[in-house]
Amino acid sequence: MPHWIAGGETRYVRILIKNGIAGERLVVVFGHELQHVVEALEDATVVDATTMRGRFAHLAGKGSPRDSTEPLETAQAVAVERRIAIELSEWRRMGVR
Ligand SMILES: [Zn+2]
């Protein structure tokens with residue numbers, strides 16, 4: 001999940017990716033996280049970490065999260081991850097680098 005880093009009129013989020021993830025897995029993970037950024041920023045009411053977490057909880061079908069450590073996942077981010085993995089696999093099969 002992205003991390004909220006600023007409020008006000010300009011909205012920023014930061015994506016943190018675990019060290020050691022590389023190659024095609026990094027592309028897949030980065031695409032997954034970018035989908036979360038789209039999910040957060042497409043809702044103008046998301047203006048801080050709390051409203052962003054509420055947005056993800058809504059998209060995950062969980063109402064409001066009980067605490068900030070409760071894992072939340074969205075079907076859209078999982079779908080994007082799968083799509084990227086499929087495309088990378090197809091490209092590899094076709095010899096595209
Ligand atoms: Zn996710």
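This is a predicted model: local features need pLDDT of at least 70, side-chain atom pairs count only at pLDDT 80 or more; totals for chains, interfaces and linings use all residues.
Strands here are DSSP runs of E, at least two residues long, numbered from the N terminus. Trp 4 sits in one of them, strand β1, residues 3-6.

**Stop 1: Trp 4**

Select Trp 4. Is Trp 4 buried or partly exposed? The cut-off for buried is 20 or more other C-beta atoms within 10 Å. Trp 4 has 19 within 10 Å, so it counts as partly exposed. Now show its contacts beyond four places in sequence: Val 13, Asp 48, Ala 49 and Met 52.

**Stop 2: Thr 50**

Jump to Thr 50, in helix α2, residues 49-59.

**Stop 3: the whole chain**

Zoom out. Color by secondary structure and count 3 helices and 2 strands. Along the sequence the order is β-β-α-α-α. The C-alpha trace spans about 45 × 25 × 25 Å along its principal axes. The protein has 97 residues, and 15% of them count as buried. Take the contacts between residues at least 6 apart in sequence: 44% of these join residues at least 24 apart.

**Stop 4: the nonpolar core**

Select Met 1, Ala 40, Val 46, Met 52 and Phe 56. These 5 residues form the largest nonpolar core. In soluble globular proteins, nonpolar side chains tend to be buried together. Center on Val 46. Which residues does Val 46 touch, not counting those up to four places away in sequence? They are Ala 40, Leu 41, Thr 51, Met 52 and Arg 55.

**Stop 5: helix α1**

Select residues 23-41, which make up helix α1. Its 19 residues should span 27 Å at 1.5 Å a residue, and the end C-alpha atoms are 27 Å apart, so the two agree. Highlight the buried residues of α1: His 32, Gln 35, His 36, Glu 39 and Ala 40. They cover an arc of only 145 degrees around the axis, which puts them on the same side of α1. An α-helix has 3.6 residues a turn, so residues three or four places apart point the same way.

What covers the buried residues of α1? The cover includes β2 (12-14), α2 and α3. Turn the view around. The face of α1 away from its buried side carries the exposed residues Gly 23 and Val 38.

**Stop 6: where α1 meets α3**

Show α1 and α3 together. They pack at an angle of about 150 degrees, with their axes 8 Å apart. The crossing is right-handed. On the α1 side the contact is made by Glu 24, Val 27, Val 28, Gly 31, His 32, Gln 35, His 36 and Glu 39. On the α3 side, select Gln 76, Ala 77, Val 80, Glu 81, Ile 84, Ala 85 and Leu 88. His 32, Gln 35, His 36 and Glu 39 were also among the buried residues of α1.

**Stop 7: helix α3 and its end**

Select residues 75-94, helix α3. Its 20 residues should span 28 Å at 1.5 Å a residue; the end C-alpha atoms are 28 Å apart, which agrees. Of these 20 residues, the number buried is 2, so α3 lies largely in the open. Finish on Gly 95, which follows α3. Its phi is positive, near 85 degrees.

Terms used
Residues are numbered from 1 along each chain as its sequence is written. Helices (H or I, at least four residues) and strands (E, at least two) are DSSP runs, numbered from the N terminus. A residue is buried if 20 or more other C-beta atoms lie within 10 Å of its own, exposed if 12 or fewer, and partly exposed in between; C-beta atoms are placed from the backbone. Two residues are in contact if their C-beta atoms, placed from the backbone, lie within 7 Å. The expected span of a helix is 1.5 Å times one less than its number of residues. A nonpolar core is a set of buried Ala, Val, Leu, Ile, Met, Phe, Trp, Tyr and Cys residues joined through C-beta atoms within 7 Å. The arc is that of the directions from the helix axis to the C-beta atoms. Axes are lines fitted to C-alpha atoms, for helices over the stretch in contact, and angles run from 0 to 180 degrees between N-to-C directions. A crossing is left-handed if the near helix is turned anticlockwise from the far one by less than a right angle, and right-handed if clockwise.
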